[in-house]
Amino acid sequence: MGSSRAAVSFLTKLAASFAFGAAGAASIINTSTYTVGCGERAIILNRFGGVMKESLGEGTHFVIPWRQKPIISDVAARTHSFAPVSQTRDLQWVNLRISMQSRPDASRLPDIYKTIGISYGENVIAPCIRDEVQDVVGQLHADELLSHWVRVSAVLRERLISRAKEDFNILLDDQEKYIEFGVP
């Protein structure tokens with residue numbers, strides 16, 4: 001009778017130890033892995049060394065718990081709509097509505113995170129568009145803007161694409177532009 005109680009007690013302690021060990025192992029595995037989904041990239045923030053130089057693509061990846069932290073960023077194209085108001089050279093108010101798609105350059109994602117942060121759309125694209133529209137529209141009279149709209153639109157597109165790429169590592173895609181004259 002005493003030996004069966006001892007055996008039950010031993011097996012209970014063994015099962016409890018195994019359960020705690022399994023729970024601890026599951027916890028370590030859970031904090032050591034993360035998943036990068038479709039249309040996303042991850043950068044690793046190392047608490048002692050800063051942001052690692054390369055970004056990681058889709059799949060399950062490992063990190064060192066409490067030392068590394070994954071920062072997952074959406075790299076799919078997002079549509080942004082803006083309505084900057086500007087004045088022409090002859091002081092006519094121009095309302096432009098611009099809709100464009102932007103996405104970060106996935107190979108430069110660590111640099112984007114260091115300089116801009118994850119919310120690049122709100123922090124960079126809107127002011128960039130406002131500045132370029134004011135610069136391009138401010139050089140022309142209202143009649144020049146209307147008569148040369150195709151050329152002006154192409155110049156504006158090229159300036160926006162080059163500035164976003166060179167200054168901020170952001171790629172701009174399709175654009176739609178609408179122009180209205182009047183009071184803002």
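Okay, let's start with D111, which is partly exposed at 27% relative accessible area; that label covers anything between buried, under 20%, and exposed, over 50%, with a 1.4 Å probe and protein chains only. Its partner is R108, and their side chains meet in a salt bridge at 2.9 Å, N to O. By salt bridge I mean a side-chain nitrogen of Lys or Arg within 4 Å of a carboxyl oxygen of Asp or Glu. R108 is partly exposed too, at 35%.

Quick caveat: this is a predicted model, where local features need pLDDT of at least 70 and side-chain atom pairs count only at 80 or more, while totals for chains, interfaces and linings use all residues. Residues are numbered from 1 along each chain as its sequence is written, and side-chain values use heavy atoms, leaving out hydrogens and water.

The structure holds 11 salt bridges. Take E132 and R163, at 3.3 Å, N to O. E132 sits in helix α3 and R163 in helix α5, so this pair ties together parts 31 residues apart in sequence. Helices here are DSSP runs of H or I, at least four residues, and strands are E runs of at least two, numbered from the N terminus. E132 is buried at 9%, whereas R163 is partly exposed at 21%.
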